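This report describes the main features of one protein model for a reader who is new to structural work. Please keep the structure in view while reading.

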Amino acid sequence: MTKQEILHARRERLFPAELHYYGEPLVITHAKGAAVFDIDGKQYIDFFGGILVISVGHCNDEVNARIQRQLDTLAHTSTLFATQPPVELASKIARLSPGGKLAKCFFSNSGTEANEMAVLAARAATGASEIVALRYGYHGRSGLAMSMSGQSTWRVGTQPSPGFAFAHNAYCYRCPHGLEYPSCDVRCANDVEDVIRTQTSGRPAAFIAEPIQGAGGFITPPKEYFARVAEIVRRRGGLFIADEVQTAWGRTGTWFGIEHWGVQPDIITSAKGMGNGFPVAMTAVRADIADRVPKMTISTFGGSPLAAEAANAVIDYIEKHNLPAHAARQGAYLRERLERLKAQFPLIGDVRGMGLMQALELVKNRQSREPAVEETAKIMELGRERGILFGEGGLDGNVLRLAPPLTITRAEIDEFLSRLENSFAAIK
Ligand SMILES: Cc1ncc(COP(=O)(O)O)c(C=O)c1O
């Protein structure tokens with residue numbers, strides 16, 4: 001099909017509710033490593049990886065060879081039968097999980113499903129039902145996951161499910177309490193206690209949060225935040241669920257993002273980078289929690305030999321090449337260069353993130369911090385013209401999200417940054 005035919009068919013045949021980047025969607029035909037090619041043959045450096053999915057590079061040869069082998073051996077059985085790849089995968093996850101404590105897994109196909117199972121398991125294990133989530137959080141697109149998300153943009157078209165309460169997030173750049181870190185003494189963490197006392201029965205089933213809020217604009221809490229929240233939630237009988245759909249698998253410089261805060265979650269959910277493009281998701285929990293999930297449940301495709309082998313191949317590749325450490329090193333370099341960009345362009349109000357998950361929040365004015373929404377859209381277009389891809393995010397859509405494959409090289413980072421700088425210069 002020609003570009004025009006694809007764009008026309010997309011308009012005619014797909015739900016218009018589906019969001020796309022740019023005035024006119026970019027038609028992509030193929031990709032390799034950190035390079036993406038459009039239908040006109042133009043090459044881009046990919047710093048978004050289809051929303052943090054491409055962890056080990058597009059069309060990774062080692063990973064694809066294992067997927068191909070599995071495809072030719074056994075693709076599907078359903079969870080009604082036993083196969084080797086999912087049990088191997090669950091054992092690997094148990095070993096890598098913080099403290100080696102998340103001994104049992106339920107596999108599914110998307111982050112949304114993983115979070116649905118996390119809530120079900122937390123409710124079953126505690127006998128309580130209420131969930132405390134964070135403002136600016138995003139947990140998926142099912143009715144329940146939307147009701148658990150703290151962004152109006154992503155809560156449309158459904159009747160909200162009851163039983164969710166929202167605490168303030170740790171958004172230091174726009175502190176909900178108008179305070180400054182560290183003299184604030186991380187007041188936002190105490191809001192979880194206030195919310196439990198005033199908006200729940202006092203005994204929640206769980207607290208759920210992304211270690212770094214992804215769609216919210218890579219909002220990164222201070223180092224004391226999650227330990228204090230975990231203490232509050234556990235004292236009230238609730239479990240701690242880390243939604244690591246974006247932050248897991250080395251992205252932030254450690255296997256799981258929550259490790260930076262020294263908290264051992266009771267449940268971790270993940271998807272995205274776990275399959276490098278293959279749909280696979282997990283709900284990893286302590287054994288005693290899994291054992292209390294009532295019978296029966298099923299996921300037709302969840303943990304299929306093919307999906308599980310894709311994840312096994314990705315995780316093995318990350319381990320073999322020590323990509324969490326590589327992400328920490330490359331991320332530190334990227335961060336330092338982004339700080340220099342901030343010094344150069346007043347449009348950049350804040351730089352934040354960890355490892356290879358870094359964001360720039362754009363503001364019209366550094367004093368008022370008014371979100372620079374139109375300018376963000378313009379930078380996206382300017383970047384596209386200059387052959388670089390990155391994400392947009394934040395409640396107001398004024399945050400640029402940078403998340404290249406974990407395999408990114410120094411030369412690719414330098415080239416990306418030079419084109420990004422050029423895009424900022426063009427808007428001045
Ligand atoms: C933190 C987080 N949780 C859950 C989800 C939902 O995942 P999925 O789109 O695979 O259902 C996303 C998707 O962007 C996410 O970023």
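In which loop is the place of proline 182? Proline 182 sits in the loop between β6 and α7 (187-199). The model is a predicted one, and in it the peptide bond leading from tyrosine 181 to proline 182 is cis, with omega near 5°. A cis bond also links lysine 295 to methionine 296, with omega near 0°. Methionine 296 belongs to the loop between α9 (287-290) and α10. As background, most peptide bonds are trans, and most residues other than glycine have a negative phi.

Two residues other than glycine have a positive phi: tyrosine 136, near 80°, and phenylalanine 218, near 50°. Tyrosine 136 is found in the loop between β5 and α6 (143-147), while phenylalanine 218 is found in the loop between β7 and α8 (225-235). Are these residues buried or exposed? Tyrosine 136 counts as buried because it has 24 C-beta neighbours inside 10 Å. Phenylalanine 218 has 29 such neighbours inside 10 Å and therefore counts as buried.

## The seven-stranded sheet

Seven strands make up an open sheet with mixed pairing, in the order β4-β10-β9-β8-β7-β5-β6. Strands β4 (104-108) and β6 (164-167) have a single partner strand each, so one side of each is left without a neighbour in the sheet. On average, neighbouring strands here are turned by 20° against each other, direction ignored.

Strand β5 (residues 131-134) illustrates the pairing. Four bridges connect β5 to β6 in the parallel sense; leucine 134 is opposite alanine 167 of β6, and valine 132 is opposite alanine 165 of β6. Two bridges join β5 to β7 (residues 206-209), again in parallel, and here valine 132 is opposite phenylalanine 207. In a regular strand, side chains alternate between the two faces of the sheet. Both faces of β5 are covered, with Ile131 and Ala133 buried on one side and Val132 and Leu134 buried on the other.

## The four-stranded sheet

An open sheet of four strands has the order β11-β12-β15-β14, with antiparallel pairing. Its edge strands, β11 (348-354) and β14 (391-393), each pair on one side only.

Strands β14 and β15 (residues 399-402) run antiparallel and are joined by three bridges. Within this sheet, glutamate 392 has leucine 400 of β15 as its bridge partner. Helix α11 (residues 323-344) packs on the sheet, where it touches β11 and β12 (357-362), and its direction makes about 175° with that of β11.

## The nonpolar core

The largest nonpolar core contains 122 residues, and those touching the most other members are Ala122, Val192, Phe207, Ile241, Ile267 and Val314. Helix α10 (residues 305-320) supplies the largest share of this core, ten residues. Leaving aside neighbours within four places in sequence, alanine 122 is in contact with Ala205, Ala206, Leu239, Ile241 and Ile267.

## The surroundings of the ligand

How many residues surround the ligand? There are 16, and the closest are Ser110, Gly111, Thr112, Gly140 and Val245. By class, this shell has eight polar, five nonpolar and three charged residues. Helix α5 (residues 111-126) gives the most to the shell, with three residues.

Key
Residues numbered from 1 in each chain as written. Predicted model: local features only at pLDDT ≥ 70, side-chain atom pairs only at ≥ 80, totals over all residues. Pairing = 2+ DSSP bridges. Contact = placed C-beta atoms within 7 Å. Axes fitted to C-alpha atoms, helices over the stretch in contact; angles between N-to-C directions. Core = buried A, V, L, I, M, F, W, Y, C linked by C-beta atoms within 7 Å. Buried ≥ 20, exposed ≤ 12 C-beta atoms within 10 Å, placed from the backbone. Near = placed C-beta within 6 Å. Nonpolar A, V, L, I, M, F, W, Y, C, P; charged D, E, K, R; others polar.
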